[in-house]
Amino acid sequence: MRDAFIEELVTLAEAHDNIALVVGDLGYSVVERFADRFPDRFINAGVAEQNMTGLAAGMASEGYHVFTYSIANFPTFRCAEQIRNDVDHHRLAVTVVAVGGGVAYGALGYSHHAVQDYALMRSMPNMTIAAPGDPLETRACLRWLVANPGPSYLRLGKAGEPRFHDEIPDVAPGRWVPVREGDAGRVMLSTGAALGAAVAGFGSWLAESVAGTQAAARISPIALSAEVCDMVASQATLNRLGGLAA
């Protein structure tokens, strides 16, 4: 997904001269494609995510659409106050990009787990959340976010995710994207890189949306167990231990 992200961002930046990218001293071998093409719109803020977000907000207040980019929970939890006060409350065009959502960086320890980020970003009243399930959905989400600038969160997987679509789908907030046809009596809904299974945090999200209706009794969430939040292992192992994989 991260390769699709940077390729699409470069393409969009060629058409929109207000797109900028600010990174937290990472993304090497990925972000160079943007940095080399648009050196005047690329900033490495260093290992200082709060400063990265404040800088992005300032640039956005002057007309830029800024994408901040870092691993997992660093561009979210590490700078939650700046996202709330500087970006969300002012409704600025800043897209927070987290690569490695879930436990994609599980081997690096729980400091790199991003399993509570949905809960945090959902609490921001003006925040749009985009969690693509494959590289083509990543491109689709980017196009929508650029066409509709505002506070937003783009939650990506890591790399090597399979493609589930034959072409770039049409996406919009609140609209389900069909992936596979099946039994009309049973529907599997998912979000993010865990396409094909429920991802941690999403079950509660869906349950809240249908609370008080007959549909609530028919929902059986599949979510990552909280037991893995303190564990260090590969993504596959953590997903298996957490109940998302056999």
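This tour moves through the nonpolar cores, an aromatic cluster and an arginine beside a tyrosine ring.

The model is predicted, so local features are taken at pLDDT of at least 70 and side-chain atom pairs only at pLDDT 80 or more, while totals for chains, interfaces and linings use all residues. Residues are numbered from 1 along each chain as its sequence is written, and side-chain values use heavy atoms, with hydrogens and water left out.

Begin by selecting Phe5, Leu9, Leu21, Phe34, Phe67, Tyr69 and Leu154, which touch the most other members of the largest nonpolar core, a set of 32 residues. Such a core consists of buried Ala, Val, Leu, Ile, Met, Phe, Trp, Tyr and Cys residues joined through side-chain atoms within 4.5 Å; buried means under 20% relative accessible area, exposed over 50%, and partly exposed in between, with a 1.4 Å probe and protein chains only. Next, colour α1 (2–15), β1 (19–23), β3 (65–71), β4 (94–99) and α6 (135–147), the elements that each give two or more residues to this core, with α1 giving the most, six residues. Helices (H or I, at least four residues) and strands (E, at least two) are DSSP runs numbered from the N terminus. Apart from this core lies another, of 21 residues, including Ala57, Cys79, Val87 and Met127.

Return now to Phe5, Phe67 and Tyr69, which form one aromatic cluster. Rings of Phe, Tyr and Trp (its six-membered ring) pair if their centres lie within 6.5 Å, and planes under 30 degrees apart count as stacked, over 60 as edge-to-face and the rest as tilted. The whole structure holds three aromatic pairs. One of them is the tilted pair of Phe5 and Phe67, 6.5 Å centre to centre with 55° between the planes, which links helix α1 to strand β3 across 62 residues. Phe5 has a relative accessible area of 0% and is therefore buried, and Phe67 is likewise buried at 0%. Phe5 also forms a stacked pair with Tyr69, 5.6 Å centre to centre and 15° between the planes; because Phe5 lies in helix α1 and Tyr69 in strand β3, this pair ties together parts 64 residues apart in sequence. Tyr69 counts as buried, at 2% relative accessibility.

Finally, select Arg155 in strand β6 (residues 152–155), which counts as buried at 5% relative accessibility. Arg155 lies over the face of Tyr118, at 4.4 Å from the ring centre, where a charge sits over a ring if NZ of Lys or CZ of Arg is within 6 Å of the ring centre and within 35 degrees of the ring normal.
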